[in-house]
Amino acid sequence: SVGHPLTAFFFILKFFEFFLLFFLVANSISREAQVRRIMIIFFLTALSVSAWAIWTTIVTSQHGRATTPFETAEEPGTLGGYLLFTFALAVGLLNYAKGMFSRAVYVSILSFILPPFLYTLSRGSYMAFFPMFLSVLFLSKKKAVPIILLIALAAASPWLPGVTIERVEYTFQNRIENIWSPDPNAQVELDPSSAARLERYEGVISQWMYHPLIGQGWTGVGFVDSQIVRTLGEMGLLGIFSLLWLFRNIFKTALDLYRKLPDGFAKGLTLGL
């Protein structure tokens, strides 16, 4: 069902580029000092992106939602996910940081990336924040840092941006009222964005049923705003099982490494991962 084989070819080629970049970096690292330099550049980049998002969204109101730079259209969901991963790595490193200076640096990073994260208005990123934070809390052998951060975030909740509160209420308030409504004929109302996603998922499932094992081919079901649903439609059950196997191996390897490493930079980085 691939309508444009050349498009599919370059789509796959893009994924190969990611794998090549991974192997290039992994095979060039032999010392922890190299990892530290890479992470310094990583955080400097994240701070630069955050500064751009703060300037264009909060200071100048150039964009309605915090988004990534160098895009022809706003991509707030991409920025939300990027900042969420950055937040996780910074929390993990903060948890095992040694010395007041290192802790102050990671706290500053967390404080700086939080405002643009809130202004992305990305509901998926908001929802993903909680399992991310609970994972750090559950896995960490040192509970003080995540607990203190949790208390600080809870204490700051009354000062959340108004647009963030409106976004959350807009998404959930009507649905909760309808679900618990005494009227048996009341129906759950979905916002246009969620309704469009569910309709798209239903269409992909219908296409997948024609080739349940191997799917419709890469790009064979068009654009789908869900990695799981897209993989099912494009690569079938074999693709889903491969994806789950990949995630399982990554998590198992990281968890084994985390348990064996001594307290310090590498352990904190692995916890963030």
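Is K252 buried, partly exposed or exposed? K252 is partly exposed, at 40% relative accessibility; partly exposed lies between buried (under 20% relative accessible area) and exposed (over 50%), with a 1.4 Å probe and protein chains only.

## Basis of the model

This is a predicted model, in which local features need pLDDT of at least 70, side-chain atom pairs count only at pLDDT 80 or more, and totals for chains, interfaces and linings use all residues. Residues are numbered from 1 along each chain as its sequence is written, and side-chain values use heavy atoms, with hydrogens and water left out.

K252 forms a salt bridge with D256, at 3.2 Å from N to O. A salt bridge is a side-chain nitrogen of Lys or Arg within 4 Å of a carboxyl oxygen of Asp or Glu. By this rule the count is five. D256 and K252 are about one helical turn apart because they lie four residues apart in helix α9. Helices here are DSSP runs of H or I with at least four residues, numbered from the N terminus. D256 is partly exposed, at 28% relative accessibility.

R230 and E234 also meet in a salt bridge, at 2.9 Å from N to O. Both lie in helix α9, four residues apart, or about one turn of the helix. R230 is buried, with a relative accessible area of 14%, and E234 is buried at 4% relative accessibility.

D225 and R197 form a salt bridge in which the closest N and O atoms are 2.7 Å apart. This pair links distant parts of the chain: D225 is in the loop between α8 and α9, R197 is in helix α8, and they are 28 residues apart. D225 is partly exposed at 41% relative accessibility, and R197 is partly exposed with a relative accessible area of 31%.

## Surroundings of Q216

Q216 lies in the loop between α8 (192-208) and α9 (227-260). Q216 is buried, with a relative accessible area of 7%. Its side chain makes a polar contact of 2.3 Å with the side chain of S1. A polar contact is a pair of N or O atoms within 3.5 Å; within protein, one must be able to donate a hydrogen and the other to accept it, and residues adjacent in sequence count only if both atoms are side-chain atoms. The side chain of Q216 also reaches the backbone oxygen of Q207, at 2.6 Å.

Leaving aside neighbours within four places in sequence, Q216 is in contact (heavy atoms within 4.5 Å) with several residues, including S1, V2, Q207, W208 and E234.

Terms used:
Helix = DSSP H or I, 4+ residues; strand = E, 2+ residues; numbered from the N terminus.
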